[in-house]
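Here are my notes on this model, written as numbered points. Please read them with the structure open beside you.

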Amino acid sequence: MKPVPPEVIALLVCPVCRAEFAHDERWWRCLACRAKYPVVDGVPVLTPEARRPIVEDR
Ligand SMILES: [Zn+2]
C-alpha cells in the first residue's frame with residue numbers, strides 16, 4: 001500500500017467542518033473540531049460514521 005500522496009492529503013478536509021487535518025500512521029485529527037478518524041490499511045476513513053470524539057484519545 002502506497003502512502004497517500006501529499007497533493008491528495010492537501011485536498012482532504014474534515015467531512016464535518018471542512019478543516020484541515022494533522023495526521024500520523026493511525027489517526028487523522030481535525031484541527032478545528034478535534035475529532036479523529038481511523039487509518040485502515042493505510043487509507044484514512046474520513047466519514048462521519050468513522051469519526052471519533054477527541055476525548056477517546058489516550
Ligand atoms: Zn472537523
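1. Read from the N terminus, the elements come in the order α-β-β-β-β. Helices (H or I, at least four residues) and strands (E, at least two) are DSSP runs, numbered from the N terminus.

2. A word on the basis of these notes: this is a predicted model, in which local features need pLDDT of at least 70, side-chain atom pairs count only at pLDDT 80 or more, and totals for chains, interfaces and linings use all residues. Residues are numbered from 1 along each chain as its sequence is written.

3. Of the 58 residues in the protein, 10% are buried. A residue is called buried if 20 or more other C-beta atoms lie within 10 Å of its own, exposed if 12 or fewer, and partly exposed in between, with C-beta atoms placed from the backbone. Contacts were looked at as well; two residues are in contact if their C-beta atoms, placed from the backbone, lie within 7 Å. Taking contacts between residues at least 6 apart in sequence, 16% join residues at least 24 apart.

4. The four strands make an open sheet, ordered β1-β2-β3-β4, with antiparallel pairing. β1 (21–23) and β4 are the edge strands, each with a single partner strand, so one side of each has no neighbour in the sheet. Two strands count as paired if DSSP finds at least two bridges between them. As background, strands of a sheet pair through backbone hydrogen bonds, either parallel or antiparallel.

5. Strand β2 (residues 27–30) and strand β3 (residues 36–40) run antiparallel and are joined by three bridges. Trp27 has Pro38 in β3 as its bridge partner, and Arg29 stands opposite Lys36 in β3. The two strands form a hairpin with five residues between them.

6. What is the phi of Arg34 in the turn of this hairpin? Arg34 has a positive phi of about 65°, in a residue other than glycine. Arg34 belongs to the loop between β2 and β3, and counts as partly exposed with 15 C-beta neighbours inside 10 Å.

7. β3 also pairs with strand β4 (residues 43–44), in the antiparallel sense and over two bridges. Here Val40 has Val43 in β4 as its bridge partner. The hairpin of β3 and β4 has two residues between the strands, and Asp41 takes a positive phi near 55°.

8. Arg18 is another residue to check. Its phi is positive, about 65°, although Arg18 is not a glycine. Arg18 sits in the loop between α1 (6–9) and β1. Is Arg18 buried or exposed? Arg18 is exposed, because 10 other C-beta atoms lie within 10 Å.

9. Pro15 is found in the loop between α1 and β1. Pro15 is partly exposed, with 15 other C-beta atoms within 10 Å. Which residues does Pro15 touch, leaving aside its neighbours within four places in sequence? Pro15 is in contact with Leu46, Thr47 and Pro48. Pro15 and Cys30 are 15 residues apart along the chain, and their C-alpha atoms are separated by 9.6 Å.
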